[in-house]
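Hi,

Here is the structure I promised to pass on. Have a look at it first, and my notes follow below.

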Amino acid sequence: MELTYWTLKNKKKKVLLPCEANLTSLDEFYASQISSRQGDYSAFKKNWEAGGKNKFFVPRVVAKQLSKAEIAEFGFNLKDELFCGAQKVYAVVWTIGDALEKSVASLMESGQLTAGLMLDVAGSVALRNIRHNLIDWLSAHSRGASRFVCAEYYPGLKVFPLKFVPRVLEITGARNILGVSANESCFLNPAKTKCAFFFLGEKAHKTKPIRCIPCAHEKCLYWQMGGCHMLFLDDAPTH
């Protein structure tokens with residue numbers, strides 16, 4: 001995984017970190033499904049292991065520790081309980097590129113709906129894997145006592161309104177470094193891209209899965225394909 005980051009003195013640095021597209025959660029999900037669905041997944045997994053993951057999983061990240069002025073610009077009052085005692089804030093954008101979504105579109109257009117949906121879900125799971133590596137890197141990279149991720153916020157939450165997205169892309173350099181852009185509705189392109197604010201403090205919080213809001217659960221096609229993967233920090237506010 002290629003990670004580009006900006007220091008507080010605005011110096012750009014680059015590191016390479018290990019990162020795998022671990023599909024264990026999908027393996028476990030489909031192991032409990034009926035035989036026909038297990039067969040579909042086995043065929044997909046065979047193609048994935050044969051080279052698909054190398055073609056479709058190209059993780060790249062850009063991160064920037066916010067200055068005091070930037071923290072104020074986004075309106076973050078770190079004394080608020082929403083931020084769980086954080087002392088540092090990072091704006092982060094990560095993507096796996098656009099090859100996967102192009103293949104998904106091609107499969108769908110050719111009528112291979114199941115294969116397309118499985119590939120799309122695998123991409124989302126792979127995107128989640130990057131998040132895990134990011135949290136590890138932030139803790140290892142940060143100096144001092146405030147080195148644990150204690151809160152994280154994504155676009156659409158009250159703390160991170162969509163109007164912030166273009167500014168996050170600007171200050172991180174995500175447009176030039178990753179080729180990531182946002183449309184008029186502030187949705188990211190490539191689609192398999194995430195951006196977030198990570199808040200670091202002296203106390204780490206565990207993650208737990210929560211449902212999308214609103215969530216149709218069993219009626220949701222994405223959930224039926226094993227793709228429900230929303231994760232937030234345990235005990236941290238999520239509104």
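Lys13 is partly exposed, at 42% relative accessible area (partly exposed lies between buried, under 20%, and exposed, over 50%, with a 1.4 Å probe and protein chains only). You'll find Lys13 in strand E2, residues 12-16 (strands are DSSP runs of E, at least two residues, and helices are runs of H or I, at least four, numbered from the N terminus). Together with Lys9, Lys11 and Arg143, Lys13 makes up a patch of positive charge on the surface (patch residues have over 30% relative accessible area and no salt bridge, with like charges joined within 9 Å; a salt bridge is a Lys or Arg side-chain nitrogen within 4 Å of an Asp or Glu carboxyl oxygen).

Before the rest, a word on the source: this is a predicted model, where local features need pLDDT of at least 70, side-chain atom pairs count only at pLDDT 80 or more, and totals for chains, interfaces and linings use all residues. Residues are numbered from 1 along each chain as its sequence is written, and side-chain values use heavy atoms, leaving out hydrogens and water.

Now the rings. The whole structure has 19 aromatic pairs (Phe, Tyr or Trp rings, the six-membered one for Trp, with centres within 6.5 Å; planes under 30 degrees apart are stacked, over 60 edge-to-face, the rest tilted). Phe74 and Phe164 pair edge-to-face, at 5.1 Å between centres and 70° between planes. They sit 90 residues apart in the chain, and both Phe74 and Phe164 are buried. Tyr153 and Phe199 are edge-to-face too, because their centres are 5.8 Å apart and their planes at 80°. That pair joins strand E5 to strand E8. Ring pairs also tie these four into a cluster with Phe76, Phe83, Phe160 and Phe197.

Cheers

Technical notes:
Patch = residues over 30% accessible without salt bridge, like charges linked within 9 Å, V, L, I, M, F, W, Y side chains within 5 Å. Areas by Shrake-Rupley, 256 points an atom, 1.4 Å probe, with all protein chains shown as cover. Lys, Arg positive; Asp, Glu negative; His and termini not counted. Charge placed at Lys NZ, Arg CZ, Asp CG, Glu CD.
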